[in-house]
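Here are my notes on the model, point by point. Please read them with the structure open.

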Amino acid sequence: MIRLIATDLDGTLLRRDGSISARTRKALGDAREAGLPVVFVTARPPRDLRAIAHDLGITGLAVCSNGALLYDVARDRVMRQETLPSDVALELIGELRRSDPHFSFATEHGHKVGREHAFPDAMFDGFVHHHEPRVDPVHSLCDEDLIKILVHHPVHEIDDLHALIRSLAGDRVAVTHSGAPFVEFGALGVSKASGPLHLGQDLGVEAHEIIAFGDMPNDIPMLTAAGRGVAVANAHPHVLAAAREITATNEDDGVARIIETLLG
């Protein structure tokens, strides 16, 4: 029996233009009316999700920043957060920069974001919204509570960059990427799986009672931890290989189709 729905937003629930279809909106509403909680699990921070939720009429709880923050949309309040120790972040940043001076970094703090001068400013137009970043040397940006570090390289392909950073980081941090042209690392043990599982414990829901939907490599921990892990057909090849089940694309209401079958 499924007792909790956990779904990614971009590329999974939302269409390419960032909208949500009438069919998907209805399926989410029907699930809630049937007493089936819907939790949005996203790499986006609360400040981004707040604007999206307002535009789409989304309410409820959300797991933000790849599992680091539990956010109450209706009350605009962070309920729980797991920060990245600044000494660990700076140690890995130093190692990356010594290995290749072309690395550049940005910082995510949940309530705001920062970047060093070398981190491409244009990148923030598509992936960091509604906030002017603080621009400073990265060691200065790490003087506030960190949620995650964004790592950019001008040459490496994203999957190669992801593998390189994972190899160098070892078991010090959690490394992932979500389709943006950078790799992210946060506190060890934090992932898109940890957020929904912690929330499930709060609600008395076991992992096997969760259905999860996703499309990018940062969704894989959530899809493999849930009782039912479903990839949309447009998902990254690594996600399609990891998922137990594949539904239609985000453009073709893949998530809604599964929810409709759950509700009978």
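1. Which residue in β4 does Val63 stand opposite? Val63 faces Leu70. Strand β3 (residues 61-64) and strand β4 (residues 69-72) run antiparallel and are joined by 4 bridges. Two strands count as paired if DSSP finds at least two bridges between them. Helices (H or I, at least four residues) and strands (E, at least two) are DSSP runs, numbered from the N terminus.

2. A word on the source. This is a predicted model, in which local features need pLDDT of at least 70, side-chain atom pairs count only at pLDDT 80 or more, and totals for chains, interfaces and linings use all residues. Residues are numbered from 1 along each chain as its sequence is written, and side-chain values use heavy atoms, with hydrogens and water left out.

3. Look next at the hairpin of β3 and β4. It has 4 residues between the strands. Ser65 lies in that loop. Its phi is positive, about 55°, although Ser65 is not a glycine. Ser65 is also buried, at 4% relative accessible area. Buried means under 20% relative accessible area, exposed over 50%, and partly exposed in between (1.4 Å probe, protein chains only).

4. Asp253 is not a glycine, yet has a positive phi of about 60°. It sits in the loop between β14 (245-247) and α10. Asp253 is buried, with a relative accessible area of 14%.

5. Helix α1 covers residues 22-33, which makes 12 residues. From first C-alpha to last it reaches 16 Å, close to the 16 Å expected at 1.5 Å a residue. The expected span is 1.5 Å times one less than the number of residues. After the helix, Gly35 takes a positive phi of about 85°.

6. Which residues of α1 are buried? They are Thr24, Ala27, Leu28 and Ala31. Contact here means heavy atoms within 4.5 Å. The face turned away from the buried side carries exposed Ala22, Lys26 and Glu33.

7. Now the open sheet. Its 6 strands follow the order β8-β7-β6-β9-β11-β10, with mixed pairing. At the edges stand β8 (134-135) and β10 (173-176), each with a single partner strand, so one side of each is left without a neighbour in the sheet. β10 pairs with β11 (residues 183-187) in the antiparallel sense, over 4 bridges. Ala174 has Gly186 in β11 as its bridge partner.

8. Two helices lie across strands of this sheet. Helix α3 (residues 86-99) lies across β6 (104-108), β9 (148-152), β10 and β11, at about 165° to β6. Helix α6 (residues 158-169) lies across β9, β10 and β11, at about 170° to β10. Axes are lines fitted to C-alpha atoms, for helices over the stretch in contact, and angles run from 0 to 180 degrees between N-to-C directions.

9. Last, the cysteines. A disulfide is a pair of cysteine sulfur atoms within 2.5 Å, and the count comes to 0. Cys64 is buried at 0% relative accessible area. Cys142 is buried at 5%.
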